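Okay, thanks for having me, everyone. Let me put the structure up, and then we'll walk through a few spots in it together.

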Amino acid sequence: MPSAAPAVPRAIQVGLAGLGNVGAGVFKNIEANRDLIIQRTGADIRIRRIIVRDLARPRDVSVPESLLGTRWQDLTEDPEIQVVVELIGGTTTAYELVCAALKAKKIVVTGNKALLAERGQELFALAEQCGAPIYFEAAVAGGIPIIQVLQEGLVGNRILSIHGIINGTCNYILTRMSQAGLSYADALREAQEKGYAEADPTLDVSGWDAAHKAIILASLSYGFWIPQGCVHVEGVDKIDPADFKFAKRLGYTIKLLSVIRADKDGLVEVRTQPTLVPLSHVLASVSGSFNAVLVHGDIVGETLFYGRGAGQDPTSSSVISDLCEAAATLVYGARHSGFVPHGLYGKSKPVEDTISHYYLRLTVADEPGVLAQVAAELGSRGIGISSMIQPEDLEDTSGQSSLVLMIHDARLGDMLEALAAIRALNCVRGEPSWMRVETLQG
Ligand code: HSE
């Protein structure tokens, strides 16, 4: 940032695509903090044109009608517009808009994680070629400035690992299921009413919204674009409320956790799954729509970033941060295109080779020898059991019981084989419930 703002603020002309929850927040909050932004950046950020899908739709922000239009090309074709903010979501029109804006040498600000996760590599190459950067602070973890953390604050570190709770909707759902005993459907409905969920909640609850964000964090950390096919993703929609009780008895809670880390050979692991997290760990107390990202750098050690990961004001705070960055670029000079590839890593780890502890709950026949059969299937694949409980007071069954196993470090591929064999045992009833356990030791 500059040391002194120019005496006369320089007007920065912005075209905004999308006036939904976040777009409305951007407009409202720029108006509210205009003077402060001018003092800090030397720039007066003016929204010159706003593109919406439906002009007649009622909005919770008052915008002069003369600003509104429906044709996105009006942003990219207007020579006065210097910055295009893409907040329409999706990967088709948004892609066309971003490409056209870059080709017109306009700075792009986007909160679109799906677009970057899917097409980041080509978009940043285009940005480089056009000499127009893409800023994307709002794409990950709502109001937490985690992109700047990786690009600037921790730039001198090798990133050893990142553990993130980076979907506010899922965290809200899991928190309400755990603390209020709500069903999954009721918790999802509440999250939607509060405006945390994406228009299509499938992206949130399937785990893919968090996975897109994890891809962006991993790519910034390791300098190459992680292919989506190399990411292991599971959602929260299949979690049985009973698992919260069993997990708690064992000293854990369940979070949708994104794990990013490189092994000693430089293979990069990226996954997003419901995961048991120790109750004693700080991530276990990240509740509701809050997000938290734990970054372990080789110089800095552990750092934790916490804040609201979804919602109008927090997410618009990140968009405004990018607009100020764009303004600083326009007022004071050029910066990099937003993503700098580097060659230290470059390979994704096959998900079957990822290793972690596991929680496994089985519904089994209440008869002797069951544990021995299950242990044999695990043991024959080199998988050890670290502890076991049979919590009879937590269930309501007859002739069958729950067997809850905590499993030592195991390769996913071996674990999947063992699970298939265990599922086929006569003494095992129904589908096994299993999740990764993260001890968060690095
Ligand atoms: N729907 C997202 C979440 C917010 O719940 O975290 C934007 O990514």
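So, who are the neighbours of Asn291? Leaving out residues up to four places away in sequence, Asn291 touches Ala141, Ile144, Ile165, Ile166, Asn167, Gly168, Val286, Phe305, Tyr306, Gly307 and Gly309. Keep in mind that what you're looking at is a predicted model. You'll find Asn291 in strand β11, which runs over residues 290-297. And Asn291 is buried, with a relative accessible area of 0%.

Next stop, Leu257, which sits in strand β9, residues 252-262. Is Leu257 buried or exposed? It's buried, at a relative accessible area of 1%. Its contacts, again skipping residues up to four places away in sequence, include His163, Ile165, Arg271, Val277, Glu438 and Leu440. Leu283 is another residue that Leu257 touches. Those two are 26 residues apart along the chain, and their C-alpha atoms are separated by 9.4 Å.

Now over to a helix. In α2, residues 34-41, we have Arg34, Ile37, Ile38 and Thr41 buried. Why do they count as being on the same side of α2? Because they cover an arc of only 100 degrees around the axis.

What do the buried residues of α2 pack against? That would be α1 (21-32), β2 (43-51) and α12 (312-332).

Notes. Residues are numbered from 1 along each chain as its sequence is written. This is a predicted model: local features need pLDDT of at least 70, side-chain atom pairs count only at pLDDT 80 or more; totals for chains, interfaces and linings use all residues. Side-chain values use heavy atoms; hydrogens and water are left out. Buried means under 20% relative accessible area, exposed over 50%, partly exposed in between (1.4 Å probe, protein chains only). Helices (H or I, at least four residues) and strands (E, at least two) are DSSP runs, numbered from the N terminus. The arc is that of the directions from the helix axis to the C-beta atoms. Contact means heavy atoms within 4.5 Å.
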